[in-house]
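Welcome to my notebook. I am opening a structure that is new to both of us, and I will jot down what I look up as I go.

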Amino acid sequence: MPPHRAATVAERLRLMSAELTAAERKLMAALFANYPMAGLGSITDFAREADVSTPSVLRLAKKLGFAGFPALQEELRAELSAQLQNPIAKHARWAAEAPDAHILNRFATAAMENLSGSLKLMDHHAFDAIVGLLADRKRRIHVAGGRITGALASYLTIHLQMARPGVSLVPATPAAWPPYLLDIGRNDVVVLFDIRRYDALMLDFAASAREREAKIVLITDQWISPIARLAVHSLPLRIEAPSSWDSNIVPLFVAEALVAATVNASWRDTEARIAALEALSDTGRRSK
């Protein structure tokens, strides 16, 4: 397996967030609002968008380990290219650089690096805030994913439905979305899984849900889905693997951790619900 890729610009910023000045925090917010495109224009435009001086941009680039702003932009362009890689391109890159170790060992190493890297960068405040939304029974929860991540959305939905009422799975088929959007109301929570290559239709879905005053929660990858600019909370996770496809191991781990934390946050109510579900299941089995 090739050496683990250096942290993205977004990851470097999150790692160093405590060391950033007020101006540098403005630049981080401006970049995250439209990542990575916001950093690909001129240095003057980037500074103006963040309402800071041009030297502040240069100082941030160097603080992040780049020789200057052009080097930072080169990394952002590489990340944009990585976002757009298809399964064939990913397979070619991994195959060309793969050592002789068995695929099981290479995949396990990648999975462990993804998990440890994601946990190192995890925003615990964002995670806890998401749990607070999921545990609030006054809110309805709507969960959606794409062609691949739809399986993650289904998994999260099934577990949340056992823990609390008012949870629905949005089908992965865009043609079926209008009735679900119609049912999304103010202060509902919409949990979206979106990893590269990002789904433009899901971005439209998120925008429509936001217009209906729902709170968007995003589980994404290290390159950060455009949905992040609409979300109240985002969890960027590492997903690269020695495969034609990205790995969903870390997003699945986070989904399970969210369920565990949500159950713990309202255990008394959840315990009664699980007991009632078990009783109904027993009744169903006896009637057969």
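How do the residues of the lining of the largest pocket divide into nonpolar, polar and charged? I looked this up at the start, bearing in mind that the model is predicted. I found 14 nonpolar, four polar and five charged residues.

**Entry: the pocket**

I noted a volume of about 590 Å³ for the largest pocket. Its lining is made of 23 residues. Nearest the centre I can point you to Arg14, Phe32, Asp123, Ser234 and Pro236. Next I asked which elements supply at least two residues of the lining. They are helices α1 (9-15), α2 (22-33) and α7 (103-121), together with strand β5 (233-237). I wrote down α2 as the element that gives the most, with five residues.

**Entry: salt bridges**

I then turned to charged pairs and found that the structure holds eight salt bridges.

The opening pair is Arg238 with Glu11, whose side chains meet at 2.8 Å, N to O.

My next pair is Arg140 and Asp188, which form a salt bridge at 3.0 Å, N to O. This pair links distant parts of the chain, 48 residues apart. Arg140 sits in the loop between α8 (124-135) and β1 (141-144), and Asp188 in the loop between α10 (177-183) and β3 (189-193). I checked their accessibility as well: Arg140 is partly exposed at 38%, whereas Asp188 is buried at 5%.

Then I looked at Arg196, which forms a salt bridge with Asp246, with 2.8 Å between the closest N and O atoms. I found Arg196 in the loop between β3 and α11 (200-211) and Asp246 in the loop between β5 and α12, a link across 50 residues. Arg196 counts as buried at 6% relative accessibility, and Asp246 counts as buried at 13%.

**Entry: a patch on the surface**

I also went over the outside. Ile158, Met162, Leu277 and Leu280 form a nonpolar patch there, and together they have about 350 Å² of accessible area. Two elements give two or more residues to this patch, namely α9 (150-163) and α13 (267-287). I picked out Leu280, which belongs to helix α13. Why does Leu280 count as exposed? I put it down as exposed because its relative accessibility is 59%, and the cut-off for exposed is over 50%.

**Entry: one more leucine**

To finish, I looked up Leu152, which is found in helix α9. Its relative accessibility is 7%, so I list Leu152 as buried.

How values were computed
Residues numbered from 1 in each chain as written. Predicted model: local features only at pLDDT ≥ 70, side-chain atom pairs only at ≥ 80, totals over all residues. Heavy atoms only, no water. Patch = residues over 30% accessible without salt bridge, like charges linked within 9 Å, V, L, I, M, F, W, Y side chains within 5 Å. Areas by Shrake-Rupley, 256 points an atom, 1.4 Å probe, with all protein chains shown as cover. Salt bridge = Lys/Arg side-chain N within 4 Å of Asp/Glu carboxyl O. Helix = DSSP H or I, 4+ residues; strand = E, 2+ residues; numbered from the N terminus. Buried < 20%, exposed > 50% of the residue type's maximum accessible area, 1.4 Å probe, protein only. 1 Å grid on protein atoms, 1.4 Å probe; cavity = no way out; pocket = protein on both sides within 12 Å on 5 of 7 lines; lining within 4 Å. Points joined across faces, edges and corners; volume = space filled by probe spheres on them. Nonpolar A, V, L, I, M, F, W, Y, C, P; charged D, E, K, R; others polar.
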